[in-house]
Amino acid sequence: MAPVPPGRLKRRAEFLRVAGQGRKVPVHGLVLQALIRDDGEPARIGFTVTKKVGNAVVRNRTRRRLKEAARLLLRAEPIVGADIVIIGRDSTRKRDFLDLQDDLRRALRKTGVSHAG
RNA sequence: CCAGACGGCCGGACGGCCGCUGCCUGGGUGGUAACGCCCUGGUGGAGGAAAGUCCGGGCUCCACGGGAAUACGAUGCCGGCUAACGGCCGGCGGGGGCGACCCCAGGGAAAGUGCCACAGAAAACAAACCGCCGGCGCGCAGCGAUGCCCGCAGGCAAGGGUGAAACGGUGCGGCAAGAGCGCACCGCGCCCCUGGUGACAGGGGCGGCAGGGUAAACCCCAUCGGGAGCAAGACCGAAUAGGGGCGGCCGGUGGAUCGUCGUCACGUUCGCGUGGGGGCGGUGCCACGGGGGCAUUCCCGCCCCGCUGCCCGGGUUGGUCGCGCGAGGCGUGCAGCAAUGCAUGUCCCAGAGGAAUGGCCGUCUCGCGUCCUUGAAGAGUGAUCUUCGCGGGGGCGGACAGAACCCGGCUUACAGGCCGUCUGGCACC
RNA sequence: CGGAGCGUAGCGCAGUCUGGUAGCGCACCAGUCUGGGGGACUGGGGGUCGUGGGUUCGAAUCCCGCCGCUCCGA
């Protein structure tokens, strides 16, 4: 069975639900919010980069690095039954990419999400 | 060579691995539906400002019979360009710079109103603080000429002083002192001539000077302006709830209402109209009864108020269109000082939607900045110290900034660099 | 996308329309009253008026361009 790619969180209500009911784990390069659904369905992921981080160019670059890190990590180690929100911060842009991936892996482990298979 | 002015342009290059998205081609597949999804191959994929959202348009919807006026807002030397503009080009006038050039909201102050603090006598129909001048009267000094003090009624506005600004400026004459009182030049106003499409410029004549500034104060004049914005707007539209129409079934009482048939009163154009009360019938509008549900029975409590079949429209989540051939880019020629226009050839060149155009790495480039190292230079007898103009090597940095319907401008931000024209200075021939 | 407003002393606000002197409260400093503190009274210091131009004799004020912040509507 091929690994199902994660879906996306898009609506404001979904973000608020994860922020209100999920766990929050800050690490060096990012802040992770996760809500365990425990239903076996594929994970859904959303990204937040606020205006405080910088102008549009900086925000775009921050979000793209987070997207790429999440894509590579979830392709290698897929997770199920969770809604995940990744929040970019000022250090996300300058963090070494391998370290950033490591940050994300550590944060996911702390939230206790379950891997597929 | 140094310093500077103006105009135009670029905004790192190449490659590897893994991805995103539009279109085309071929194959597979999902959903009740509107519509999608997956895979192979090919191909396209941010900017000069995409930014700020300050103007002008296209496009779409709304409003509107035409015109004029008023109000409000914007613009404001002249001519041209443009779809249009508050934009651009070329001129004029004023200001700045040795110069190349740069800057200017630059109509009207003899239509009216307001304001001009402080200072100053006076801040706008003029007036007179100190002052200048002669006359008259009294006094003092002197032999006298005359001078001085005080007072009175006058003449004057040159000088002093205040101010950002004081009712033309400079000079000569003139006068008791003065004054456009007279003259010359400058300024100003009016008229005429010449050149120019025009702003305006040049010349001549007349006037003795009238009219301080402020309109980015109110205002006057001229010109322009309907409003909203792609979340405009159009189409499709599952499920649930709700709305409307038609038909079938059940339905006890009262009220309400509708239809119909008598009756009474009043009015009458004798057709009838208005009002009161009554009989019959219809209606799930209201109340009660009643019915149904909460496993069943009784009591209590709570909830629901027609059931069912077919059809119709509105509309939420959502989906599709609008949405990429255009005031289009590039090249050439012609007209024009130019903005720009015309002709012709050629090209098709981003279309996302929690929002694609990327992530990571390598090589090269850089004449820029910074740091290290080596060399170098200088100081010292020396250990060593100082410096970075020059040579070699290495590390880090390398701007401003991300399309959101499209186009023309404006404004603002920007590392570094390239090209062209021109100005001033120095040196050499 | 459209609209409105704000920026003045460390803080909160006047002054802007109608241009000439920047003021009020709290806070701060000094003195007096008190044995000391608190408190009261008296006196005092402190402001590129967000920023860059322009108009004017003169700008916090009028006009234009930027910067930052807040709010409202779709």
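A: Arg105 and Asp102 sit three residues apart in helix H3, so about one helical turn separates them. In this predicted model, the two form a salt bridge, with their closest N and O atoms 3.1 Å apart. An α-helix has 3.6 residues a turn, so residues three or four places apart point the same way. Arg105 is partly exposed, at 26% relative accessibility. Asp102 is partly exposed too, at 36%.

Now place the helix. H3 covers residues 97–111 and lies across E2, E3 and E6. Its direction is at about 30° to E3.

Those strands belong to a sheet. Five strands form it, in the order E1-E4-E6-E3-E2. The sheet is open, and its pairing is mixed. E1 and E2 stand at the edges, each with a single partner strand, so one side of each has no neighbour in the sheet. E2 pairs with E3 in the antiparallel sense, over four bridges. There, Pro26 stands opposite Val31 in E3. Helix H2, residues 56–76, packs on the sheet and touches E1, E3, E4 and E6. The direction of H2 makes about 160° with that of E4.

Other pairings are parallel. E1 and E4 pair this way over two bridges, and Arg8 stands opposite Ile45 in E4. E4 and E6 pair in the parallel sense over five bridges. Phe47 has Ile86 in E6 as its bridge partner.

Helix H1, residues 12–21, has Glu14, Phe15 and Val18 buried. They span an arc of only 100° around the axis, which puts them on the same side of H1. The buried residues of H1 pack against E3, E4 and E6. The face turned away from that buried side carries the exposed residues Arg12, Ala13, Gly20 and Gln21.

Back to salt bridges. The structure holds seven. One of them joins Arg44 and Asp83, with the closest N and O atoms 2.9 Å apart. Asp83 is buried, with a relative accessible area of 0%. Arg44 counts as partly exposed, at 23%. Another salt bridge joins Asp90 and Arg93, at 3.5 Å between the closest N and O atoms. Asp90 is partly exposed at 49%, and Arg93 is partly exposed at 28%.

Key. Residues numbered from 1 in each chain as written. Chains lettered and ligands numbered in written order. Predicted model: local features only at pLDDT ≥ 70, side-chain atom pairs only at ≥ 80, totals over all residues. Heavy atoms only, no water. Pairing = 2+ DSSP bridges. Buried < 20%, exposed > 50% of the residue type's maximum accessible area, 1.4 Å probe, protein only. Arc of directions from axis to C-beta. Contact = heavy atoms within 4.5 Å. Axes fitted to C-alpha atoms, helices over the stretch in contact; angles between N-to-C directions. Salt bridge = Lys/Arg side-chain N within 4 Å of Asp/Glu carboxyl O.
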